[in-house]
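Hi everyone, thanks for coming. Please have a look at the structure on the screen, and then I'll walk you through it.

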Amino acid sequence: MMNNNSTSSRAIAPSRGPENQRLAKPKRLKAHTVLSKSHSIPVVPRDKKGNPLLPLNVGIMTVINLGEVCKREHFHTERYIFPVGYEVTRCVDLTLHSSRP
């Protein structure tokens, strides 16, 4: 027989004071999470057929060749396409890596 004065069987959650907040790990954002940043899309110069004029400078990258899409198994995933012949170079500013004062 239960007594009305007995304690409940439910556990009481600990308080969420500053000491508990420091121990909790921050939540990681998922890789596919879209952040609310806006980006401007540059105008790409094109020839009469509508193909982009290459080489094309995009930020610190220079696109040499866009390649061609291949439908074979190893050239795409659910998230990415790997065009055959795609070629890009990255411009590195050597003054940023200099050890001179």
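**A walk through the model**

Let's start at R46, which touches N51, P52 and L53, leaving out residues up to four places away in sequence; contact here means heavy atoms within 4.5 Å. Before I go on, a word on where this comes from: the model is predicted, so to speak of local features we need pLDDT of at least 70, side-chain atom pairs count only at pLDDT 80 or more, and totals for chains, interfaces and linings use all residues. Residues are numbered from 1 along each chain as its sequence is written, and side-chain values use heavy atoms, with hydrogens and water left out.

Back to R46. Where does R46 lie? You'll find R46 in the loop between α1 (18–23) and β1 (56–58). Those labels are DSSP runs, numbered from the N terminus: helices are H or I with at least four residues, and strands are E with at least two. The side chain of R46 also reaches the backbone oxygen of G50, at 2.7 Å. That's a polar contact, meaning a pair of N or O atoms within 3.5 Å; within protein, one must be able to donate a hydrogen and the other to accept it, and residues adjacent in sequence count only if both atoms are side-chain atoms.

N51 is in that loop between α1 and β1 too. Apart from neighbours within four places in sequence, N51 is in contact with P45 and R46. N51 has a relative accessible area of 40%, so we call N51 partly exposed. The cut-offs are under 20% for buried, over 50% for exposed, and partly exposed in between, using a 1.4 Å probe and protein chains only.

One more thing in the loop between α1 and β1: P55 sits there, and the peptide bond from L54 to P55 is cis, with omega near 0°.

Now let's zoom out. How many helices and strands does the protein have? One helix and three strands, and from the N terminus on they run α-β-β-β. Of the 101 residues, 5% count as buried. The accessible surface is about 10,900 Å², with 56% of that belonging to carbon and sulfur atoms; these areas come from the Shrake-Rupley method with a 1.4 Å probe, and for residues only the protein chains shown count as cover.

On to the sheet. In general, strands of a sheet pair through backbone hydrogen bonds, either parallel or antiparallel. For us, two strands pair if DSSP finds at least two bridges between them. β1 is joined to β2 (residues 61–65) by three bridges, and the two run antiparallel. L56 stands opposite V63 in β2. β1 and β2 make a hairpin with two residues between them, and in the turn G59 has a positive phi of about 65°.

β2 pairs on with β3 (residues 87–90), again antiparallel, over four bridges. Which residue in β3 is the bridge partner of V63? That's V88.

Put together, this is an open sheet of three strands in the order β1-β2-β3, with antiparallel pairing. Why is one side of β1 and of β3 left without a neighbour in the sheet? Because β1 and β3 stand at the edges, each with a single partner strand. Neighbouring strands of this sheet are turned by 30° against each other on average, direction ignored; the axes are lines fitted to C-alpha atoms, for helices over the stretch in contact, and angles run from 0 to 180 degrees between N-to-C directions.

Let's stop at T62, in strand β2. Is T62 buried or exposed? Buried, with a relative accessible area of 11%. The bridge partner of T62 in β3 is T89. Beyond neighbours within four places in sequence, the contacts of T62 include P55, L56, E87 and C91.

Next, I60, in the loop between β1 and β2. I60 and C91 are 31 residues apart in sequence, but 5.3 Å apart in space, C-alpha to C-alpha. Neighbours within four places aside, I60 is in contact with T89, R90 and C91.

Last stop: the aromatics. A search of the whole structure finds one aromatic pair. The rings of Y80 and F82 have centres 6.4 Å apart and planes at 35°, so the pair is tilted. Rings of Phe, Tyr and Trp (its six-membered ring) pair if their centres lie within 6.5 Å; planes under 30 degrees apart are stacked, over 60 edge-to-face, and the rest tilted. Y80 is partly exposed at 47% relative accessibility, and F82 is partly exposed at 40%.
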